[in-house]
Amino acid sequence: MRYLLSVAFVATASLAQSQGVPLRIECVAHSGETVSIDLFGPSEFGPLHCIQAPGIYDLTPCAPDQGWGLSFGTGAATLSGVTADVAVASAHPDGKFAVSVDADFIIAAGSFGPGLPDMRSVGNETFWRLAIGRVGMVGVLQSVLGPLLLTCTEGAG
């Protein structure tokens, strides 16, 4: 029975994702911190994936799927724009946030300065990274604060 419910839930979430329907993922770290992920949320830049989590600073942690959110370098560090263009994202001198969502994983990373966030690890300019497996809904958040092990649930946005 549990297996059937898991398969039905993954199928429903995959259908919502393929249609760009807003979806919210709530995660709790084993140490008590929380992470919220809003997928396909409406914005002036089109649908964005936005994350609220510990360790993110001086940028807006929102980006289009398979793209980058580019933040202003001063003030509240709000989004100056979004792009799917590697050259534009790489040349952006300030904060940038990347997100990739597919049926298996949600991966996000934040960095500053020239270059791109490393979606595989934290280091160099990449100061923050999140990876969640969609099937088991467990993941890890890595930042300068250290790693957090996460357990997540999906729900309507």
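**Salt bridges in close-up**

**View 1. R24, E26 and D38 are joined in a network of salt bridges.** A salt bridge here is a side-chain nitrogen of Lys or Arg within 4 Å of a carboxyl oxygen of Asp or Glu. By this rule the count is three salt bridges. The model is predicted: local features need pLDDT of at least 70, side-chain atom pairs count only at pLDDT 80 or more, and totals for chains, interfaces and linings use all residues. Residues are numbered from 1 along each chain as its sequence is written, and side-chain values use heavy atoms, with hydrogens and water left out.

**View 2. The side chains of R24 and E26 form a salt bridge.** The N to O distance is 2.6 Å. R24 has a relative accessibility of 28% and E26 a relative accessible area of 34%. Both count as partly exposed, that is, between buried (under 20% relative accessible area) and exposed (over 50%), with a 1.4 Å probe and protein chains only.

**View 3. R24 also forms a salt bridge with D38.** Their closest N and O atoms are 3.4 Å apart. This pair links distant parts of the chain, R24 in strand β1 (residues 23-29) and D38 in strand β2 (residues 34-41), 14 residues apart. Strands are DSSP runs (E, at least two residues), numbered from the N terminus. D38 is partly exposed, at 23% relative accessibility.

**View 4. R134 and E154 meet in a salt bridge through their side chains.** The distance is 2.9 Å, N to O. R134 lies in the loop between β9 (126-133) and β10 (138-143), and E154 in strand β11 (residues 148-156), 20 residues apart. R134 is buried at 6% relative accessibility, and E154 is buried at 10%.

Methods. Helix = DSSP H or I, 4+ residues; strand = E, 2+ residues; numbered from the N terminus.
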